[in-house]
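Hi,

Here is the structure I said I would pass on.

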Amino acid sequence: MGWLTCYGAGEPPEVGAGQPDLTIEVAEQLAEDDPDRQPVLAVEDLHAYFATDEGVLRAVDGVSFALYSGETLGIVGESGSGKSVTCRAVIRLLPRTAHSSGSIEYGGRNLLRLPSSEIQSVRGDHIAMIFQDPMSSLNPVMRVGDQIAEALSAHRRLSAGERKMQTLELMRLVGIPAPKQRFRDYPHQFSGGMRQRVLIAIALACRPRILLADEPTTALDVTIQDQILTLLLKLREELGMSMILVSHDLAVIAETCDRVAVMYAGQIVESAPTARLLARPRHPYTVGLLRSLPRLDSGDRYLTPIAGAPPSLVDPPTGCRFYDRCPLREDACRVWKTQLLEVEEGHTTRCRRHAQVELTDA
Ligand SMILES: Nc1ncnc2c1ncn2[C@@H]1O[C@H](COP(=O)(O)OP(=O)(O)OP(=O)(O)O)[C@@H](O)[C@H]1O
Ligand code: SF4
Ligand SMILES: [Mg+2]
């Protein structure tokens, strides 16, 4: 096992300690195929559109994926590609201006069809989410301990004593030192990393089966990022959860996830087991993400950002959405009705020229 699984919540890794070469370490982590594993969540042809002044914005446009028991699925893509809207759609937390369609199968039911009263009990009890912005997710004028206690008692009846005891237990579980003293602190008295631990405690309060972690480390410095990722993976394993980890940073996803879905302009453009995706990407956008990663072992060879910008989601191209930025494009791509093609078992791409894609493209 790599650096990710080795540390307790109170024993963060040293800065840079044991951080391996990305591809070698991830190859070692390749999840063994287990034919008995069942999806705990199956998202099929999910659409989430927003009514805006400019027109209908197709934030999520035909996304399908499955999350298997005990695995961590990474969703990666540039800003605005639809990662957060996908997660919010899963737990039906989109604003009124949004319209969602498709199917989200959980426990034999389509969450999109559940009445609001029932979706409340799915949220938290079954599927919990850590939101992208820790500060705005916490109430600044409520004590940290009370916020965790509130999450605990949202779905079950507890006496005051039990609530306090379980709150302290959760604080310990997520590695908040001296929980008895910190219980009465306010969020501003916590560091960024500790605030993120509070959010994790709140998300875990009802012991969910699925955790959606939306950019849980983006606002944190590198050392704290490592600690939080380590903690999330450890908790996932200990509590037997499945996890969706969202990041714009492929390096984070590569170090933590069993499988990856790459999003571009509201769609999944490539999906594969992590090691396979890194070793043999089959979409030029994925290659672009890989080439923009800093690589300590090869000078600045991989520090090339992807040129250009994503297309409008109000009026997206009818053919391949990556066309304008793609070094492999040809006229036929402009009119190609994009679809996910299976290039090998468990590895799909939306690129019609996938056989020509090399790591040097993009
Ligand atoms: N409430 C909303 N109303 C209108 N458009 C929205 C709304 N929320 C998100 N969008 C748009 O939906 C698209 C996808 O947004 P989303 O937040 O999912 O992106 P993201 O991939 O999570 O990006 P980031 O990495 O910046 O968090 C963007 O174009 C965004 O502007
Ligand atoms: S379909 Fe064509 S334009 Fe789109 S990613 Fe593939 S080569 Fe590039
Ligand atoms: Mg987001």
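Let's start with helix α12, where Pro284, Tyr285, Thr286, Val287, Gly288, Leu289, Leu290 and Arg291 are buried. By "buried" I mean that 20 or more other C-beta atoms lie within 10 Å of the residue's own (12 or fewer would be exposed, anything in between partly exposed), with C-beta atoms placed from the backbone. Helices (H or I, at least four residues) and strands (E, at least two) are DSSP runs, numbered from the N terminus.

Before you go further: this is a predicted model, in which local features need pLDDT of at least 70 and side-chain atom pairs count only at pLDDT 80 or more, while totals for chains, interfaces and linings use all residues. Residues are numbered from 1 along each chain as its sequence is written, and chains are lettered from A and ligands numbered from 1 in the order in which they are written.

Back to α12 (residues 284-291): 8 of its 8 residues are buried, so the rest of the structure largely encloses this helix. What covers those buried residues? The cover includes β3 (72-76), α10 (250-256), β9 (259-264), β10 (267-273) and α11 (274-279). For the protein as a whole, buried residues make up 42% of the 362, and there are 13 helices and 12 strands.

Now the sheet. Four strands form an open sheet in the order β2-β1-β4-β5, with antiparallel pairing. At its edges stand β2 (55-68) and β5 (109-110), each with a single partner strand, so one side of each has no neighbour in the sheet. Strands count as paired if DSSP finds at least two bridges between them; β1 (residues 39-52) and β4 (residues 98-106) are joined by 8 and run antiparallel. One to look up is His47, whose bridge partner in β4 is Ser101.

Then the ligands. Ligand 1 has 17 residues around it, and the closest are Ala59, Ser79, Lys83, Ser84 and Val85. A residue is near a molecule if its C-beta atom, placed from the backbone, lies within 6 Å of it. β1, β2 and α2 (83-90) each supply at least two residues of that shell, and α2 gives the most, with 3 residues. By class, the shell has 6 nonpolar, 10 polar and 1 charged residues.

Around ligand 2 there are 13 residues, of which Cys320, Cys326, Arg329, Cys333 and Cys351 come nearest. Ala, Val, Leu, Ile, Met, Phe, Trp, Tyr, Cys and Pro count as nonpolar, Asp, Glu, Lys and Arg as charged, and the others, Gly among them, as polar.

Cheers

Key:
Contact = placed C-beta atoms within 7 Å.
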